[in-house]
Amino acid sequence: MAKNYTALARSVVSALGGVDNIAAVTHCMTRLRFVVKDEALIDSPTLKGLSGVLGVVRNDNQCQVIIGNTVSQAYREVVSLLPQDMQPPAPVGKPPLTLRRVGAGILDALIGTMSPLIPAIIGGSMVKLLAMILEMTGLLAKGSPTLTILTVIGDGAFFFLPLMVAASAAVKFKTNMSLAIAIAGVLVHPSFIDLMAKAAQGEHVEFALIPVTAVKYTYTVIPALVMTWCLSYIERWVDRITPAVTKNFLKPMLIVLIAAPLAILLIGPIGIWIGSAISALVYTVHDYLGWLSVAIMGALWPLLVMTGMHRVFTPTIIQTIAETGKEGMVMPSEIGANLSLGGSSLAVAWKTKNPELRQTALAAAASAIMAGISEPALYGVAIRLKRPLIASLISGFICGAVAGIAGLASHSMAAPGLFTSVQFFDPTNPMTIFWVFGVMALAVVLSFILTLMLGFEDIPVEEEARQKTASEKNHIHNMDIERGNA
């Protein structure tokens, strides 16, 4: 049944406190991500009760509204309601610096920067997979120009990842994008790469009498992200100290002369150390616990998605695949997590007497099983009915254990599902094909059976109709208020 996204957008904006309370809005694959000026004006019960809203996640002044796979349509309607020149007001007072706020700020910066880059990363990694399959099947000879070009096409997003991160972070931190890209470009310049290669071999390299740490910046995320954050402050400081008549040439020159050496001498190495430490921690746990770490991650993954914490692993996954060609902990755990949510949704669709819930569950199951997009199943079915979520967590743990024991690893970062199962095929081990499809089948069947065994409290048709009526009344009431204000 087609949704009225215009009405949905108006209702969502109204429940968030109106247009004047919205400072910014973006969207990812399934969610509208709002930054509001006053979180006290958000009407959470009304927002969660809207027909077409699968769930709501709040964190300080941020509010994520889960719409599902058609989020882009809702986003267009929301944007059409907002003024073009809308800017967040200056803060009344600086909020106290707490560990929670620092953590939330880091997570917000990481998610806000990496989310726009995921399509390019997925596209590139899938092209690399295509090249690998063509070589494995003998359709293209190793070293052939066509195969080389295909590999370069797939590797472009990874090799120049610092430039992409800098551009995305510039938008997030509201700083000059061209300057951010130019400074990140220094880190991947061929001459600088050659210089770092010599430094890695023991040759002494210095800049203005200061030793330069040998670091390889291609395929990295954290250095460019931290550098662009620092650039946002450097740009404002330089803007204050430069005379008006010299701003058009002196300001950008000073910014580059300050930010680029700072990135090379300090920020870059620190960023590499941070990224390496995170990767080392994650994969030390994997090395220590083995298949059990994949099982635990399979059970925790839906809970991480609920809090948005799953995006924390994005830089680690990208860097690991770029450096080693595969990732064997987080991505394999997602196979069982995603398809288990799909299997639970199928069981709900099979057993429910509610036509609306059946339609939602079938669409959510198809999304999770075929494409690996699990949010519709998570928010539209599992959390809503509770026991299917428990069944999914149990199934995710068991399937993660099987995937870990089988040694499955992903060569791409696409959401694991039937359409993207090729990313787990290992050319040196043909048995991985059977293991991948075996884990997928186990996830769907096991979660289906567990959901039926645990049961769930079905949503009566009357209650569904009552929620829909309440939502429609609320929309009519809001429209009346708008007419009265007009």
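Me: What distance separates the end C-alpha atoms of residues 389–413?
Reply: The model is predicted: local features need pLDDT of at least 70, side-chain atom pairs count only at pLDDT 80 or more, and totals for chains, interfaces and linings use all residues. Residues are numbered from 1 along each chain as its sequence is written, and side-chain values use heavy atoms, with hydrogens and water left out. Residues 389–413 are 72% helix and 0% strand (DSSP runs numbered from the N terminus: helices are H or I, at least four residues; strands are E, at least two). Their end C-alpha atoms are separated by 24 Å.

Me: Which feature does UniProt place at residues 389–413 and 433–456?
Reply: Residues 433–456 are 92% helix and 0% strand, with end C-alpha atoms 34 Å apart. UniProt positions are given in the numbering used here, feature names are shortened, and annotations may be inferred rather than shown by experiment. In the unreviewed UniProt entry, both ranges, among others including 109–134 and 146–167, carry the feature "transmembrane region".

Me: How many salt bridges does the structure hold?
Reply: A salt bridge here is a side-chain nitrogen of Lys or Arg within 4 Å of a carboxyl oxygen of Asp or Glu. R58 and E39 meet this at 3.8 Å, N to O. K251 and D239 form a salt bridge too, with their closest N and O atoms 3.2 Å apart. The count for the structure is 2.

Me: How far apart in sequence are the parts that the salt bridge of R58 and E39 ties together?
Reply: The side chains of R58 and E39 meet in this salt bridge. R58 sits in strand β3 (residues 55–59) and E39 in the loop between β2 (31–36) and α2 (44–49), so the pair ties together parts separated in sequence by 19 residues.

Me: Is K251 buried or exposed?
Reply: K251 pairs with D239, linking helix α11 (residues 250–289) to helix α10 (residues 222–241) across 12 residues. Buried means under 20% relative accessible area, exposed over 50%, and partly exposed in between (1.4 Å probe, protein chains only). D239, at 31%, is partly exposed. K251, at 19%, counts as buried.

Me: Which residues does S344 contact, leaving aside neighbours within four places in sequence?
Reply: S344 lies in helix α14 (residues 330–351) and is buried, at 2% relative accessibility. A contact means heavy atoms within 4.5 Å. With that cut-off, the partners of S344 are P388, A391, S392, S447, F448 and T451.

Me: What is the mean pLDDT of the protein?
Reply: pLDDT is the predictor's confidence in each residue, from 0 to 100. A value of 70 or more is reached by 86% of the residues, and the mean pLDDT is 82.

Me: How many contacts beyond four places in sequence does the model have for residues 481–486?
Reply: pLDDT stays under 50 over residues 481–486. For this stretch, the number of such contacts is 1.
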